[in-house]
Amino acid sequence: MPRLVPLAAAIVIVTAPMALAAPTEWTLDLGHAHVGWSVDHMNMANTVGRFNIFDGTFMIDETDPAQSQITFVIDATSVDSNHAGRDAHIRNADYLDAVTFPDITFTSTDVQLLTPKTGKLFGNLTLKGATAPVTLDFEMVNRRTYPAFIPDYNEVDVVGFHVTGEIMRLDHGMDFIAFLGSPTGFAVSLDARFDLVQCADAPDRNIPCNWGRVAGFKGPNE
C-alpha cells in the first residue's frame, strides 16, 4: 500500500447538490492523480518534478465543509525530477532526508469555500520531521457519474480537483545553501491534480476504486 501527503483540496465536494448528514468517505483514484512540484533554479527555468507514490483519506462533510477530515501522505523516497543524480541529492539530508523521514504528511484543519467551485484548504504539513501550517487553493474541475458504457467503471460518482500552494522549505529545516546566491529557491510550488471516486457500493472489479490498491489488479490502458 503506498504511503500517504495530504491533499485537502477534496473538500470541494461540498459544492455538490446532494446534502449528506455525516462525512462520507471518497477514494483517491490512483490511476488519475498527479502530485507535482517546482522550484526556482538561479532565476532561470524552474526545476520541476513529482512524487510517484502517495495516497490519502478523504472524509467529506457536504453540509458543513469545515468538519471534513482530509489527510494526504507522500512517500518522500519517490521524488522524481527526471535526473537520477539530482533525485539522490534531494533524498539526502540536505533536503528531504527521506531515509530518516520517509513520509510527508498533510492533515487538514479547516476548509473555506470562496465560490461554489473554489476555496482554500488549511492544514498542517509535516516534512523532514518539522510541522508547519500551510494553505492550499483548490478548484473543483468537474463532478459527474461515469457513463455506463465504460467497462468496470460501474457508473460511480467522480469529482476532479486541481490544488495549488506554496511551501517554504526553511519552515521544514531544509536550509541547505550550496553557495551565496543558492541555485535552489526557498519557495516550492505545489501543483496537484486528482480524481476522487465514491466506492461504497462499487464491485471488486471496479477500476478507479481498485487500481493500484490490489496486488495483481489489471486496469485499463488510459
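Glu 62 is found in the loop between strand E3 (54–60) and strand E4 (69–75), where helices (H or I, at least four residues) and strands (E, at least two) are DSSP runs numbered from the N terminus. This is a predicted model, in which local features need pLDDT of at least 70, side-chain atom pairs count only at pLDDT 80 or more, and totals for chains, interfaces and linings use all residues. Residues are numbered from 1 along each chain as its sequence is written, and side-chain values use heavy atoms, with hydrogens and water left out. Glu 62 has a relative accessible area of 7% and is therefore buried; buried means under 20% relative accessible area, exposed over 50%, and partly exposed in between (1.4 Å probe, protein chains only). Along the chain, Glu 62 and Ala 22 are 40 residues apart, yet their C-alpha atoms are separated by 7.9 Å.

The protein chain as a whole has 2 helices and 10 strands. Read from the N terminus, its elements follow the order β-β-β-β-β-α-β-β-β-β-β-α. Of its 222 residues, 45% count as buried.

Ser 78 sits in another loop, the one between strand E4 (69–75) and strand E5 (79–80). With a relative accessible area of 7%, Ser 78 is buried. A polar atom of its side chain lies 2.7 Å from the backbone oxygen of Asp 75. For such pairs, a polar contact is a pair of N or O atoms within 3.5 Å; within protein, one must be able to donate a hydrogen and the other to accept it, and residues adjacent in sequence count only if both atoms are side-chain atoms. Leaving aside neighbours within four places in sequence, Ser 78 is in contact (heavy atoms within 4.5 Å) with Arg 50, Phe 51, Asn 52 and Ile 53.

Strand E1 (24–41) and strand E2 (47–51) each supply at least two residues of the lining, and E1 gives the most, with 3 residues.

Further along the chain, a disulfide (a pair of cysteine sulfur atoms within 2.5 Å) joins Cys 199 to Cys 209, with an S to S distance of 1.9 Å. Cys 199 lies in the loop between strand E10 (184–197) and helix H2 (207–210), and Cys 209 in helix H2, so the pair ties together parts that are 10 residues apart in sequence. The torsion about the S-S bond is about -95 degrees, so this disulfide is left-handed. Both cysteines are buried.

Asn 206 lies in the loop between E10 and H2 as well, and counts as buried because its relative accessibility is 0%. Its side chain has a polar atom 2.9 Å from the backbone nitrogen of Cys 209, and a polar atom 3.2 Å from the backbone oxygen of Tyr 153. Beyond neighbours within four places in sequence, Asn 206 is in contact with Asp 152, Tyr 153, Asn 154, Val 156 and Phe 217.
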